[in-house]
Amino acid sequence: MFKIVISRSNPMVHTHHHTANACLFPVCALHHVAVTTVEGIGNTKSRLHPAQERIAKSHGSQCGFCTPGIVMSMYTLLRNKPEPKMEDIEDAFQGNTHSSAEMQPVLIAEACLFLLQNGGCCGGKANGPGCCMNGKEDNVVSLFNSSEFQPLDPTQEPIFPPELMTQSNKQQKQLCFKGERVMWIQPTTLKELVALKSQYPNAKLVVGNTEVGIEMRLKNMLYPVIIAPAWISEMNAVQHTETGVTFGAACTLSSVEEVLRKVVAELPPYKAEVFQAVLEQLRWFAGPQIRNVAALGGNIMTASPISDLNPVLMASGIIHLPLISPCSTEGKRTITMDEKFFTGYRKTIVKPEEILLSVEIPYSKKGEYFSAFKQASRREDDIAIVTCGMRVLFQDGTNRVEEIKLSYGGMAPTTVLALKTCKELTGRDWNEKLLQDACRLLAGEMDLSPSAPGGMVDFRRTLTLSFFFKFYLTVLQKLSKNYNGTEDLYSCVLLQEVPRGQAVEDMVGRPLMHVSAAKQACGEAVYCDDIPHYENELYLTLVTSTKAHAKILSVDASEAQSVPGFVCFVSAKDVPGSNITGIANDETVFAEDVVTCVGHIIGAVLADTQEHSRRAAKVVKIKYEELKPIVTIQVRWLRSASASIKRINKGDVKKGFEESDHILEGEMYLGGQEHFYLETHCTLAVPKGEDGEMELFVSTQNPMKTQEFAANALGVPSNRIVVRVKRMGGGFGGKETRNTILTTAVAVAAFKTGRPVRCMLDRDEDMLISGGRHPFLGRYKVGFMKNGKVKSLEVSYYGNGGNSVDLSYGVMDRALLHLDNSYNIPNVSSVGIVCKTNLPSNTAFRGFGGPQGMMIAECWMSDLARKCGLPPEEVRKLNLYHEGDLTHFNQKLEGFTLRRCWDECLSSSSYHVFWSCLAGALVHVYTDGSVLLTHGGTEMGQGLHTKMIQVASRSLGIPTSNIYISETSTNTVPNTSPTAASVSADINGMAVHNACQTILKRLEPIKQSNPKGSWEDWIKAAYENCVSLSATGIPDLGYDFEKNEGKPFCYFSYGVACSEVEIDCLTGDHKNIRTDIVMDVGTSLNPAIDIGQIEGAFVQGLGLFTMEELRYSPEGNLYTRGPGMYKIPAFGDIPTEFYVSLLRDCPNSKAVYSSKAVGEPPLFLSASVFYAIKDAIYSARKDSGLTEPFRLDSPATPERIRNACVDIFTKMCPSAEPGTFKPWSVRV
C-alpha cells in the first residue's frame, strides 16, 4: 500500500501535511494540493532524506516493498511535528500494511527515534554487554553507528508551491472530470452542491473515497456521478456552541480528533465524557492515512452495522443532524440520530436528494458517564467485531439511573439500541443487582441467529455482556477517580563478537547494510511490475471459478468483446503444448471440463489496459453443474495412493504405555495462514519472435520450475525460456511453486498474441487462488510418569492439502520429522495423512510443516504438565534431549546447544517458562577488478544477496564495494533449487565460495610473480595472459521413512523463547508484554540480517498462532480475501519489551564460514506467546473452579480466548446445538 503526502494551504493556519493511500485517493481530488512521493524527498543519486537514511542504515528494510510507506509516514510526522514523542511515532506507523515477517518494525521505530535523540537499541535505557549502544567492549558488533546519520534540518524540506499559496486566496471554480463511465464534480459552494444534488439525486457524495473507492474497486459497484464537497466551507466549519461542538459533515476524522483533544484539555472532565469516548474510538479507527481523508458525515451516512462511531453518537443523547434538500419547500430539516435513524442494512431515513450538513457532538452533564468499547481481531487498525457506546445519567446526588442508553454495532444489520434493557434499568440503583439483571436482559435482547453473517455468534453475544460489565466497573472507577498509566516500547539485541584480529575490510560477521536498502527507502528498487511497459503490451486478468466443485457447461466471453480495448479470451484450447501442469502433474493451466476449487483458473481476458481487462473479465459468463464439494479435514477424502500416508515408528509404543503412570489423549487444530507478501504474484512475458523463445520476468522463488512449466505449456524445450528475477517483495514459500499457475497462463497468452503480456494479481485474487499454509489436525495419545517424564507417544497428523498435491507430501514429512520438537521420546508411533479437498492447493510456507508438528508436541506437553500438577518449564526441561541422543528418526544430535540457549534465556528473562538440494554460482571478474556475481538463490528481502556478497568478499579478499549482484536468471545459473527451507545461504554460499576458489587458484601463479601487486594488477595481468576470469561452483542427505534410517538434516538449529502476556478475560484481547529469545545461528554471516530474520519470523509466527484466521463458507468460498477481514500483526502487536540474543561461541562446521540457517527456525518461537496465553486462560478458568486440561486451537484469537475463559457471561450465551443450523463459516 503506497503512501503519498498531501499538503494543503489554509490562510488561517499553517500549511498542513498528511498521508493518504495512493490506491484510494482520487486523482481528481488533488486539485489545489501539493503531492509529495517518496522519490521527492531524497534519492541515492544526490542525498537521502534523514528518514530514508535511518531506515536503510538501521536495517529497517528487508524486502523493501512496504518501506516507502513507512518512510512517508515518518516524513509526514516530522513535517508536522519536528520533535515528536514516542507515542506520536507509534501512532504514525499505525495502518501501514506490511508483512510482519519481512520487516524489523522495532528497529524501524528505533531508527526514527534517532531523529530525536542519540538513543540506541534500548532508547537510551541500557548499556549492557553486546547492546548496540555499547561501543566500548572490544570486538562487539554494533548494528549501526548513529554518529553517521545526518541531522534533521526542517529548513531543507521542500517549500509549499507559491502558486498554490496564492490560489487559496482566490475564488475557486467548480470542477468537472469525465471518464469512460464516471463523472466527478467538485463544487465550491453550498449553492452549487444543492443544485447538483437536485440534478443528480442518486449521486454519491465523496470526501475521502475510503468507502466508495473500496466498493468500486473490489465490489464491482459503479457510481456514474460522484460529487466531492470537500472544499465547501460550511461543510468544513467547526463551531463551539452552548450544547457541544458542531463539525461540518466534510470534516475529516483527523480534524475532529485534533479539535476534540484541544477541547478536552480545556474542559472540566465531567463535560468531556462523550468527547473522550469519541477519541477512544478514533484512536483505533483505521490508520492515520484513512482518518486524514475520511469524513465524519461519510462515516455516519455509510451506515455500516459495525461502525466505530455510530453507536457512540447514538448513545450520547440527542444528536441533531441538519439536512438540506433542493426538493423540500422549507429547504432544511433536522433529524435525530435515534433508534429510527437506521432503517436497514446500509440505509438511513435520509432521502436520496438530501445532504447532511453537520454533526453536533454534545457536552456531557454532571452525573453523566459515558464509555465506548470496541473488540476486533486486532487491536490496531481493524474493523470491529462488536462495538458499543454506553451512557448513564444519574439522578442528582444519587446512584439512581435517570436515563441510560446502550447502543451496539455488530449485533444486527444496523446499529441498534437495547431499548428493552434500558427501559428496565431506568429508575434502578447502580448496584450488583442491576448488573445481574442488565446482563440477563441483554442476553435476551442482543440475540443472534447461529447462522448470522460474520459468524462468531457466541463470542459476539458474550461481548455485549462483557462490555456492560466493563461499563459498570468503569463508572465505579471514575467515581473513585482511579486511572492507569501507559508503557513505553523497550527492546535490545545481544550480538556476537567478530574474532579478534579480523581485518576491517572482512565483512563476514559484520552487520553490512542490505545492499538494496537505500534504493528501497527511496522507492528506486525495481520490482517485477516496475519494469517499463513495452510497446504494444497487453494486460491479462484471470477468469476463475466461483464454485468449489462443478462441471463446466459453457464459457461465454461474447459480452467481454464489447468492452473497449478487448483483444481476446484465452482458455485451454489455446495452450500450444500440454495443459497438464503441477509438481505431481495433477493440475491444469486452464480448467477444461471440471473445476475443483473456488479460484480455479478457467481462462483469461487480454486487453490494452489493466482497467479494461478487469472490466471484460467480470462479464465473462460461465455455466456450471454443481457437484458436492469437500472442504474440511473432518470429511476425509484421502488420496488413495499409499504414498499419501507416511509413518515414523521407534521403540515399543505399547510397552511404553503399559509402563506409564498416566495416559493423556486429545487433539488440536491449527488453522492455515496466508503468505501476505506485500508484492502479489506478478509476471511479464515477452515473446522474442524466433523459435518459441520467450523471456519471463517473474516474482518467484523457483526460476527452474517456472522455466520448466512454461516450456511444457508452450511445447518448447526449456532452453527457449529465460526466467529473470530481480527481487521479490516477499515470498515466504508462497512463490516457490504457486507462481507458476499465473506464469504459465501469461506465457500462453503472450504466445497466442505474439505480444508482451503483463499481469499482477490484486490482493483478493492472490489470496483466493494461491493457497497458503496447510491447516492441520493433530490427534495424540501420550504416556508419562508422575514426574512428567514422557514414555510413549502415538500421534496422527491430518493436513488439508487442497485440490492438488503440490508440496503437501513434503510438508507432511517435515511435520513428522518435527513431532518431537526438542523432547526425547523413547517410544513413538506416528502417521501423517494428506487430505484432498476442494480448496485451492495449499503449499510451502516458512517452516514447511515444522511449526504444525512442533505445535502439537507443545500442546500435549503443556497438558501433561498440568495433569501432573508440575510447573510446565520443569517438565519441559526434564524431557529435553542431551548431546549425543538419537532423535525419533535416528539421527544423532551433535553440537547440541539447546540447553545453553535454555539457560541463557531463563537468565535474561528473569524467569526462574520455556518452550522451545542443488545450488550454483557464476563469478565474472572484469578487467577493472569489479566482480559480477550470480547465484541460484532469489532475493525476497531475506538479505541473501547481501550475504553472498560478504562470502565472495572474504573468499576473494576484496572489498564488498567491488562486488555486484544484478539478478537471478536461468540462463546464467541453471537447474537451481528453489530459494526455500532456510538453506539458500548454506548451499549458494558454498557455491559462491567454490567458484571464488576456482578463480583464486587460476590467479595463484600471477600473484606469486607479483606478490605486492593489487587485486586490479593481478586481474589485468590475468586478462593479458588469457586466464579465464569466469568460474562456476556447485556444492549427502537422504532419509528412508520405511526403514527409519538415514540423515534428513545436515545440522540442527536451536532456539529458546520466553514470553509474558496479559489477557482480558472479558473480551479475549491479549497484550504481548515481553519476549526474550536466545538463538543459535552458528557464526553469523551478518548479525543485522539474522536479527531481522529472527524478529520477522517471530512476528509472523505471532500472526500464525494468535491472529491470522482464514475463514471459508461451507461451500468452500474464502471470505478473508484482503486486509479488511484477514489481519496480520501490526506494530502494536510486537512485545512491549523485546530482547533477542545470538548465542556466542557456537560455530557450525557444516556450513559456509560456520554459519547456520536462520530464516525459518525462529518462527516457532512465537508459540511461547500462544502457550503463555493458554497458561493465563488456565488461571482464569481456575478461578471458576475448572482445573482440568482444556482444548485451545490455533490461532488463539480473541474469540477463542474469550470463549475459553468460562464464566457467568459465557453460560448466559449457550451455543446452538451443532447440526440444527447452517454455520456461516466452517473449520477447514
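Reply: Pro-50, Ala-51, Gln-52, Glu-53, Arg-54, Ile-55 and Ala-56 are the buried residues of H1. The model is a predicted one.

Me: What makes helix H1 mostly covered?

Reply: Helix H1 spans residues 50–57, and seven of its eight residues are buried. Buried stands for a relative accessible area under 20%. After H1 comes His-59, with a positive phi near 65 degrees.

Me: How do you know how far the prediction can be trusted, and where is pLDDT under 50?

Reply: The protein has a mean pLDDT of 88, and 91% of its residues reach 70 or more. Over residues 101–107 the pLDDT stays under 50, and the model has 34 contacts beyond four places in sequence for them. Residues 912–916 also have a pLDDT below 50, with 30 contacts in the model beyond near neighbours in sequence. Where pLDDT is low, the predicted coordinates should not be read in detail.

Me: Why is Met-411 called buried?

Reply: Met-411 has a relative accessible area of 4%, and the cut-off for buried is under 20%, so Met-411 counts as buried.

Me: Where is Met-411, and what is it in contact with?

Reply: Met-411 sits in the loop between strand S18 (401–409) and strand S19 (416–417). Apart from neighbours within four places in sequence, Met-411 touches Val-386, Met-446, Asp-447, Leu-448, Arg-460, Arg-461 and Thr-464.

Me: Is Asn-585 buried or exposed, and how do you know?

Reply: The relative accessible area of Asn-585 is 54%. Exposed requires over 50%, so Asn-585 is exposed. Asn-585 is in the loop between strand S24 (580–581) and strand S25 (587–588), and has a positive phi of about 55 degrees although it is not a glycine.

Me: Why does Asn-890 count as partly exposed?

Reply: Asn-890 has 34% relative accessibility. Buried means under 20% and exposed over 50%, with partly exposed in between, so Asn-890 is partly exposed. The loop that holds Asn-890 is the one between helix H24 (872–879) and helix H25 (898–908). Asn-890 is not a glycine, yet its phi is positive, about 65 degrees.

Me: Why are H27 and H28 called roughly perpendicular?

Reply: The axes of helix H27 (residues 984–1009) and helix H28 (residues 1015–1024) cross at roughly 100 degrees and come within 10 Å. Angles of 65 to 115 degrees count as roughly perpendicular, so H27 and H28 are roughly perpendicular to each other.

Me: Which residues of H27 and H28 meet?

Reply: From H27 there are Leu-1000, Leu-1003, Ile-1006 and Lys-1007, which meet Trp-1015, Trp-1018, Ile-1019, Ala-1021 and Ala-1022 of H28. By class, the contact of H27 with H28 has eight nonpolar residues, no polar ones and one charged.

Me: What makes H29 oblique to H30?

Reply: Helix H29 (residues 1087–1106) and helix H30 (residues 1167–1183) pack at about 40 degrees, with their axes 8 Å apart. Roughly parallel needs an angle under 35 degrees and roughly perpendicular needs 65 to 115, so H29 is oblique to H30. Phe-1098, Leu-1102, Phe-1105 and Thr-1106 of H29 make the contact with Ala-1167, Ser-1168, Val-1169, Phe-1170 and Ile-1173 of H30. The residues of this contact divide into seven nonpolar, two polar and no charged.

Me: What makes S4 and S6 edge strands?

Reply: The open sheet has four strands in the order S4-S5-S7-S6, with mixed pairing. Strand S4 (175–178) and strand S6 (204–205) each pair on one side only, and these are the edge strands.

Me: How do you know that S6 pairs with S7, and how many bridges join them?

Reply: Two strands pair if there are at least two bridges between them. S6 and strand S7 (residues 225–227) run parallel and are joined by two bridges. Lys-204 has Ile-226 in S7 as its bridge partner.

Me: In what sense do S10 and S11 pair?

Reply: Strand S10 (residues 320–324) and strand S11 (residues 332–336) pair in the antiparallel sense, over five bridges.

Technical notes: Residues numbered from 1 in each chain as written. Predicted model: local features only at pLDDT ≥ 70, side-chain atom pairs only at ≥ 80, totals over all residues. Heavy atoms only, no water. Axes fitted to C-alpha atoms, helices over the stretch in contact; angles between N-to-C directions. Parallel < 35°, antiparallel > 145°, perpendicular 65-115°, else oblique. Contact = heavy atoms within 4.5 Å. Nonpolar A, V, L, I, M, F, W, Y, C, P; charged D, E, K, R; others polar. Buried < 20%, exposed > 50% of the residue type's maximum accessible area, 1.4 Å probe, protein only. pLDDT = per-residue confidence, 0-100.
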